[in-house]
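Dear colleague,

I am handing over the structure we discussed. My notes on its salt bridges follow below it.

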Amino acid sequence: MNLQILLLLGQDGMTSGAVYALLALSIVLVFSVTRVLLVPQGEFVTFGAMAMAAMQAGRPVLLAWLLVTMAGLRAVVATWHWLRHGVRPTLGSWWALPYALGLWLALRLLPLQSLPVGMQALLTLALVVPLGPLMYDLFFRPVASAHALVLLIVSIAVHGVLVGLSLLMFGAEGARAQPFSEAGLEIGPVTFNAQTLWVLVLSLALIVALYAFFERTLMGKALRATAIQRLGAELMGISPTMAGQASFALAAFIGALSGVLISPITTLYFDSGFIISLKGFVGAIAGGLASYPVAAAGALGVGLVESFSTFWASDYKEVIVFTLVLPFLLWRSLTTRHTEEEA
């Protein structure tokens, strides 16, 4: 291995690791706030990448139908609670339906294929992000107080359904979006392509923005309080429903943005998101599903190990990456004090 190969592998590892770090942060965020191990996190990545590619290929963005359906179900559930239990729906219970219908109409009327890449990315985010809070309201909020094992089973079931819907909406063929820019940056013997720089810069900017959000904003502090002590936060007036919706919205945003960023780099299929999020999960385990900096560092390490494993032992790279989780699990099981789960 010479210096050029070392730098190329490092570039690939840093690019993949930056995406895994974002997914690890969102997994830690959702788990610490809601106790849900978000198995469908990878579907947000797939939806973002495939929807972006569909716009650029001039194909119908069928994901809009999923958004309309979930928003309609949310409105039906709110109406049912109103009629059955006399609980008057709040304005927030209805916002998603007119929003989804308006976005569906816009996607049919706009010349999506000829729009600038930035506008296509914004439309993709507008399409995927609302799926997060809708997913929480429909599937996890009714069982929010259940045992963590029940939440995990629900999470796996939602993942299975979404993978099937992804196959129905996008087909079995892979898709790849156009790069944001064709330019490159030459550093020594290695040329960094523009998309790699976009991934690194936007990932770093998002991590800084998340730090500022949790440290400087009232909403961020409310989510941190809920993550530290849910019951105490609720007694202080922080709504667990609001915290759950906000954490799922952030997870959907991070997943969709990750999909938009990596779609020009690699070909993604309807089920690619699960493997990508699983590598973020390895990083989240490194941080004990509690520490954001350690989870991000662990995910970055996963990306580097994967890149160098591709060079040294390509056939076993996935085995090597997922084996990394074993020493972390062993270490955590030996050093973590076990406590009764909070009711």
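This is a predicted model: local features need pLDDT of at least 70, side-chain atom pairs count only at pLDDT 80 or more; totals for chains, interfaces and linings use all residues.

Aspartate 137 is buried, because its relative accessibility of 11% falls under the 20% limit. Arginine 141 is partly exposed, at 35% relative accessibility.

Lysine 279, in helix 12 (residues 272-286), takes part in a salt bridge with glutamate 306, the closest N and O atoms being 2.5 Å apart. Lysine 279 lies in helix 12 and glutamate 306 in helix 13 (residues 292-312), so this pair ties together parts that are 27 residues apart in sequence. Both residues of the pair, lysine 279 and glutamate 306, are buried; for lysine 279 the relative accessible area is 5%.

Lysine 279 also forms a salt bridge with glutamate 318, at 3.2 Å from N to O. Here the link runs from helix 12 to helix 14 (residues 317-323), with lysine 279 and glutamate 318 39 residues apart. Glutamate 318 is partly exposed, at 30% relative accessibility.

Leaving aside residues up to four places away in sequence, lysine 279 touches Tyr20, Val302, Glu306, Glu318, Val321 and Phe322.

Regards

Methods. Residues are numbered from 1 along each chain as its sequence is written. Side-chain values use heavy atoms; hydrogens and water are left out. Helices (H or I, at least four residues) and strands (E, at least two) are DSSP runs, numbered from the N terminus. Buried means under 20% relative accessible area, exposed over 50%, partly exposed in between (1.4 Å probe, protein chains only). Contact means heavy atoms within 4.5 Å. A salt bridge is a side-chain nitrogen of Lys or Arg within 4 Å of a carboxyl oxygen of Asp or Glu.
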